[in-house]
Amino acid sequence: MKKRQCLMAAALCAAAFAVVGCGGSKDSSAASSSTSGKKDSSNLVVWSFTDELKGMIDNYYTPAHPDVKVEYSMTPTDQFPNKLDPVLQSGNGCPDVFALENAFVRKYIESGLLLPLDDVYAEVKDKMADYPMQIGSYEGHVYGMAWQVAPGALFYRRSLAKKYLGTDDPAEVQKYVKDLDTFVQTAELLKQKSDGLCDIVSSSGDMFMPYKGARKDPWVVNDKLVIDPAMEKYMDMCKLMHDNHYDGRVAQWSEGWYAGMKGTLKDEKDNPVEVFCYLLPTWGLHYVLKTNAPETSGDWAMCAGPASYYWGGTWIAAYKGTKNAAAAKEMIKYLATDDGFLEQYAKDSGDTVGNLNVQNKIKDTFSEPYLAGQNHYKDFCEMAKGIDGKLIQGTDQQIEQYFTEEVAAYANGEKSKEQALSDFKAQVSSMLD
């Protein structure tokens with residue numbers, strides 16, 4: 001899960017990974033045999049950027065499929081596309097099965113280089129959550145499947161909610177953050193009631209995903225940039241938050257951002273700052289809040305927040321030229337859809353799985369001590385229903401990098417809104433040409 005926190009390893013030479021074989025100790029000629037047709041059909045070469053998949057294979061898949069030998073290779077997230085791209089494009093040394101991170105999954109789904117999984121999906125479609133399948137599909141075909149859903153929520157400090165809103169009940173707190181406009185109004189309310197001490201978020205960047213989730217249009221339509229009104233509202237919100245000190249003025253994933261979770265954030269004058277909430281997905285509870293602020297356990301609660309959104313996730317796909325198509329499909333079907341496996345995996349890991357049968361069977365059994373006994377799992381299952389995966393495109397990652405850079409320049413007073421938008425449009429136009 002740490003991959004989703006943008007805590008990536010230092011960059012290594014991409015060229016080195018272009019020639020690395022499928023197994024860590026194998027040379028490139030051995031790796032090439034993965035698609036040569038000479039190897040036994042019970043062997044699968046699997047590449048990933050996360051140890052999660054390795055654990056799933058070692059602890060669940062392999063015991064259930066003892067006749068299948070899996071050769072597993074892991075590469076850090078930021079280097080993974082540089083390793084995968086050249087072998088997929090050349091057809092030499094390709095893995096049979098590989099994981100795809102949310103940041104770049106659509107690039108591969110739209111590439112024409114993946115094995116169609118239509119027959120697998122036809123068998124399981126009635127029990128799978130919608131939005132991961134929308135993201136894994138292109139032009140009427142399914143190319144990637146996910147075992148999880150990663151809906152986002154708003155996690156808030158119960159003590160601050162009681163202090164400034166008069167309640168810590170999730171249903172009541174939701175009324176104060178029910179939509180994007182109300183959220184900003186509550187930022188002002190908290191500032192007033194706390195005499196300037198309480199910021200609604202530590203970083204306005206936390207709000208990017210909810211605003212993105214509120215869009216009606218994707219970034220690109222008919223090869224032209226479309227700036228949805230929700231994204232312009234995001235720009236305005238960031239500027240407002242910065243100018244009025246509604247946020248803690250720290251960057252996501254920075255030391256100050258984590259300090260806000262612990263209740264130890266201070267402003268530039270060394271005055272204490274209270275942070276009311278964080279906008280995080282499913283994995284944010286277990287791998288961000290609980291990991292970095294264990295001393296605040298029991299003082300958190302969760303509600304849906306101002307807009308339906310998701311953040312992160314892992315899809316599994318196969319190379320279209322694999323000589324082991326049947327085995328590759330079986331692995332993907334098992335890991336992404338199997339009822340028995342996913343039920344056990346959800347209980348063991350706490351992951352919110354995308355199998356609706358499993359969701360419905362186990363969602364009422366959870367009680368999270370970190371959230372003072374709240375059943376987060378049931379709420380996450382419900383939140384996933386409101387997510388639209390059809391707006392996700394292969395160009396999103398680069399476009400959003402340009403956008404967030406220009407938003408920061410505008411919010412910090414370095415550019416006017418008009419100049420920031422003009423520069424953003426010029427960058428995207430150059431990219432799309």
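Is Lys191 buried or exposed, judged by its relative accessible area? Lys191 is buried, with a relative accessible area of 16%, where buried means under 20% relative accessible area, exposed over 50% and partly exposed in between (1.4 Å probe, protein chains only). The model is predicted, so local features need pLDDT of at least 70 and side-chain atom pairs count only at pLDDT 80 or more, while totals for chains, interfaces and linings use all residues. Residues are numbered from 1 along each chain as its sequence is written, and side-chain values use heavy atoms, with hydrogens and water left out. Helices (H or I, at least four residues) and strands (E, at least two) are DSSP runs, numbered from the N terminus.

- Lys191 belongs to helix 10 (residues 180-193), and, not counting residues up to four places away in sequence, Lys191 touches Gly196, Cys198, Asp199, Asn244, His245 and Tyr246, contact meaning heavy atoms within 4.5 Å.
- Ser202 sits in the loop between strand 8 (198-199) and helix 11 (208-213), and Ser202 is buried, with a relative accessible area of 0%.
- Leaving aside neighbours within four places in sequence, Ser202 is in contact with Asp247, Gly248, Arg249, Val250, Trp257, Leu265, Val275 and Tyr278.

**Helix 13 and the residue after it**

- Helix 13 (residues 255-262) is mostly covered, since six of its eight residues are buried, namely Gly256, Trp257, Tyr258, Ala259, Gly260 and Met261.
- These buried residues of helix 13 pack against strand 7 (152-157), strand 11 (274-275), strand 12 (277-281), helix 14 (282-292) and strand 13 (300-303).
- Just after helix 13, Gly263 takes a positive phi of about 85°.

**Helices 15 and 16**

- The axes of helix 15 (residues 325-337) and helix 16 (residues 339-349) come within 7 Å and cross at roughly 45°, the axes being lines fitted to C-alpha atoms, for helices over the stretch in contact, with angles running from 0 to 180 degrees between N-to-C directions.
- On the helix 15 side, Tyr334, Leu335, Ala336 and Thr337 meet Asp339, Phe341 and Leu342 of helix 16.

**Helix 18**

- In helix 18 (residues 376-384), the buried residues are His376, Tyr377, Phe380, Cys381, Met383 and Ala384.
- They cover an arc of only 165° around the axis, which puts them on the same side of helix 18; the arc is that of the directions from the helix axis to the C-beta atoms.
- Asn375 caps the N-terminal end of helix 18, with a side-chain oxygen 3.2 Å from the backbone nitrogen of Tyr377.

**Positive phi outside glycine**

- Glu139, in the loop between strand 4 (137-138) and strand 5 (141-142), has a phi near 50°, a positive value in a residue other than glycine, and Glu139 is exposed, with a relative accessible area of 64%.
- Asp270, in the loop between helix 13 and strand 11, has a phi near 70°, again positive in a residue other than glycine, and at 51% relative accessibility Asp270 counts as exposed.

Notes:
Polar contact = N/O pair within 3.5 Å; in protein donor to acceptor, adjacent residues only side chain to side chain.
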